[in-house]
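Here is my note on the model, as numbered points. Please read it with the structure open.

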Amino acid sequence: MNETIPTPEGGLAAPDALNDAERLQAYRRVKRQESRKALLLAAPLLLFLLITFIAPIGTLLLRSVQNPEVPLALPEATKLLQHWDEAAMPDADIYAAMAQDLVQASKQGKLGRVARRMNFYNPAMRSLLLKTARKLKRDSRDDLQAALLASDSRWGDKEIWRVLKRAGQSPTPDYLLNAVDSYVDKTGSVASLPPEESVYLAAFSRTIWISTSVTLLCLLLAYPVAWLLANLPARQGRKLMLLVIIPFWTSLLVRTTAWYVLLQPNGVINSLLSGLGLVSQPIPLVFNRTGVLIGMTHIMLPFMILAIYSVMKGISPVYLRAAQSLGAKPLTAFIRVYVPQTLAGVGAGCFLVFVLSLGYYITPALLGGAGDEMISQLISIQTNQQLNWGLAGALSAYLVIFTAIFYFIFNRLVGIDRLRFG
Amino acid sequence: MSVAMNHADQPQDSQAFINLSDVCKSYDGRDYVVYDLNLTINKGEFVSLLGPSGSGKTTTLMMLAGFETPSQGEIRMGGKRLDDLPPYNRDIGMVFQNYALFPHMTIAENVGFALSVRKVGREQIKTRVKQALDMVELSHVANRRPSQLSGGQQQRVALARALVFEPSLVLMDEPLGALDKRLREQMQYEIMRLHRELGLTTVYVTHDQSEALTMSDRVAVFFDGRIQQIAPAHELYESPHNAFVANFVGENNGLDGRITEIDHATATLTLSNGTKIRGGVSQNLRQDTPGMLFLRPEQVRIADGDLNLGNRVQGLVEDIVYCGDHHRVHLRLSESDRLLCKLPNSREHCLPIAGSTVNVTWRIDDCKVLSPLLASHQSTSSPC
């Protein structure tokens, strides 16, 4: 149907071209003013998002490639080291600069930060730097290279200098490599850590695996509930909806702790099972994968239910009638006519649950065992305990990238764009 | 009000295809949505169920389709009891009010759905879907989605979908309600053409009387869960059985009065101001009881000079409304009685002047005295 709508650009009754152009300009001016006003209204929110969300996350992600500690504290030595070709030992100038920089940094109180940074490369570096600076301050020799070598024989080791050179480079890929259990070895090529030392790759795959399981469990449990919610008479529907919403309002920590109490070896569930004579020994339900899955599924369930319900509510029951009148048995009608129409909700629910699960923290920490650490727990350890913000930033960057990839996949599969809530 | 089901109106044909006998439907056991319904439909017949909302017509349709079960009585189709069959085994095609096309399927998939659940071969589905879409002249949209079609097109697809599996009965639940007037008329002819060409048996639910009158072989007027009258369109319009049908189908000058005289062919109705009007006799009339006049506005003529067609009354012209092809003249006969008169818009009829007093006249055969209507059942009349 080609309806012609008189647009201001079209100017149906425009007498000549000049008039048309003027009119178009005036129209655009008004449009611009309108959009400026709209932007002004949204400005507080945009500002808030910028300050509290985009800027901190951007900074954190930037940290994964920044390497400022060593260049700031040891400026001269860093500069000279960048021109060192790593073939022979560094020359006397570099030794001298390093000795001067170390003394200077120590006096200015910058050495601690450098020591901690170098510690991430090699745990021995920390003591080496601190000890050398201490000895150099007492040494009054003019030959700084000799003084440095005298303070510790390891200064004669090329590997130490190579590590210092890497630490002086900014931006650096090292954090991003470390986050996937890799590093740059002596020859300058990327190598992987031996499997027994690798931590993060396993944690990433565990995170994805747990998130997938939780998503599927939620889908399985939520679909029938959402159907019931959408098809019950309004009064009963509201009551049932309350049951779904109330846990949603309850504190996450409270809910997790409640599961902790319920699932213990001598907790409610195990007592019940052994009381009924179903089990002779308590089943391990907590501090393992089972506990994590139960806890997380329970907490994620409302998201899934609400996402699917919002779509189901809009599907008229007349479609099922139509399908039956066309000869489809109720089950066939449900599968071929009802389910496909709910896919947008299923996709949105799965995406929501999956992405939230990827970054989950408290529940796996409280209900999981040693083998159930998810990636955000490791990020937290790096941020709060190890103070290795670079590595934390790198791990977070991967998490963001994963999320983006999964968004793309889900969007391709079910078209989240088409979804409307409410 | 009496159940004006006249069995003489029903074809007492042994070939009766659909048979609803003594069907009742109640949701709570006290109030009946459908009460004591008897309806016979022949093969190839087009029957409309006409009535205001809540009159039980849709419930009747849903019982035929199998989405509601009768509380009492039985429904037979082709001699076979339908009541125990689930909707998907009834072999009944249905067109729904808002089309109910499956939004996630293409038009071809929608039309082919009934065939694919019947496990018809892929090639055969293709040809039959093509045929069905050709029939409604929509083959070119086969690969589009319902949302990309206009209302009229969706309606035609819904028709094709309901007909593609050659059902023995087609039900339509106010299928044209969502279309604009022009399109609705066009679709009426389309449905009538398909009905004729394919020899369909059709039950059509509507609250639009003109739709029912133009399309159907017979119209069943529903009110209060009962069929008030079932008859061909002209009979319904010209000779309603009771006051409800008279007021619901078309327009009526329903003047109230007392029945003062009955002989074998005519009855006399005396209005509150003493005016006597003579008209045909209907059933169940008793002398000295309240009565209601049945008189179509187009039968009333302005009496020039001494013209008297049998009934002649005087009235004050209150208002004249121009309606394109006719004028509506509102006359006041007395404090309580108003008479509406439709004058064709032609040069032959000169219009009275508002505020003047005129005489109007009509034939005795053109009006009828009926038992009166309950107060709540007044028809609402529009300005045109």
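1. Start with the domains of chain A. The centres of domain 1 of chain A and domain 3 of chain A, taken over C-alpha atoms, are separated by 41 Å. The assignment for chain A lists domain 1 (15-56), domain 2 (69-172) and domain 3 (200-418). Such bounds come from an automatic or database domain assignment.

2. Ground rules. This is a predicted model: local features need pLDDT of at least 70, side-chain atom pairs count only at pLDDT 80 or more, and totals for chains, interfaces and linings use all residues. Residues are numbered from 1 along each chain as its sequence is written, while chains are lettered from A and ligands numbered from 1 in the order in which they are written.

3. Overall form of chain A. Chain A has 19 helices and 2 strands (DSSP runs, H or I of at least four residues for helices, E of at least two for strands, numbered from the N terminus). Its radius of gyration is 31 Å, well over the 22 Å that the globule rule gives for 422 residues, so chain A is more spread out than a compact globule. That radius is taken over C-alpha atoms, and the globule rule is 2.2 Å times the number of residues to the power 0.38. Along the principal axes, the C-alpha atoms of chain A fill a box of roughly 100 × 95 × 35 Å. Buried residues account for 30% of the 422 residues in chain A. Buried here requires 20 or more other C-beta atoms within 10 Å of the residue's own; 12 or fewer is exposed, and in between is partly exposed, with C-beta atoms placed from the backbone.

4. Most residues other than glycine have a negative phi, and most peptide bonds are trans. The peptide bond from A:Ser170 to A:Pro171 is cis, with omega near 0°. A:Pro171 sits in the loop between α8 (158-167) and α9 (174-178) of chain A. A:Glu86 is not a glycine, yet has a positive phi of about 70°. Its place is the loop between α3 (75-81) and α4 (92-108) of chain A. A:Glu86 counts as partly exposed, with 14 C-beta neighbours inside 10 Å. A:Leu387 also has a positive phi, near 55°. This residue lies in the loop between α18 (375-385) and α19 (389-414) of chain A. A:Leu387 is partly exposed, with 13 other C-beta atoms within 10 Å.

5. The A-B contact. Chain A gives 15 residues and chain B gives 18 residues (in contact means C-beta atoms, placed from the backbone, within 7 Å). On the side of chain A that touches chain B, α15 (318-325) and α16 (330-358) of chain A each supply at least two residues. Nonpolar covers Ala, Val, Leu, Ile, Met, Phe, Trp, Tyr, Cys and Pro; charged covers Asp, Glu, Lys and Arg; the others, Gly among them, are polar.

6. Overall form of chain B. Chain B comes to 8 helices and 20 strands. Its C-alpha trace spans about 75 × 45 × 35 Å along the principal axes. Of the 384 residues in chain B, 41% are buried.

7. Domains of chain B. The assignment gives domain 1 (18-243) and domain 2 (255-372). Their C-alpha centres lie 39 Å apart. In chain B, 4 residues of domain 1 are in contact with 7 residues of domain 2. The domain 1 side of that contact has 2 nonpolar, 2 polar and no charged residues.

8. An open sheet in chain B. Four strands take the order β2-β1-β4-β5 (chain B), with antiparallel pairing (pairing needs at least two DSSP bridges between two strands). The edge strands are β2 (32-41) and β5 (80-81) of chain B, each pairing on one side only. Strand β4 (residues 72-77) of chain B is joined to β5(B) by 2 bridges. B:Lys80 in β5(B) is the bridge partner of B:Met77.

9. Strand β6 and its surroundings. Which residues of strand β6 (residues 92-95) of chain B are buried on each side? B:Ile92 and B:Met94 are buried on one side, B:Gly93 and B:Val95 on the other. β6(B) pairs in the parallel sense with strand β7 (residues 169-173) of chain B over 4 bridges. B:Gly93 stands opposite B:Val170 in β7(B). B:Leu159, in helix α4 (residues 151-163) of chain B, is buried, with 25 other C-beta atoms within 10 Å. Not counting residues up to four places away in sequence, B:Leu159 touches B:Val95, B:Val136 and B:Leu194.

Conventions:
Contact = placed C-beta atoms within 7 Å.
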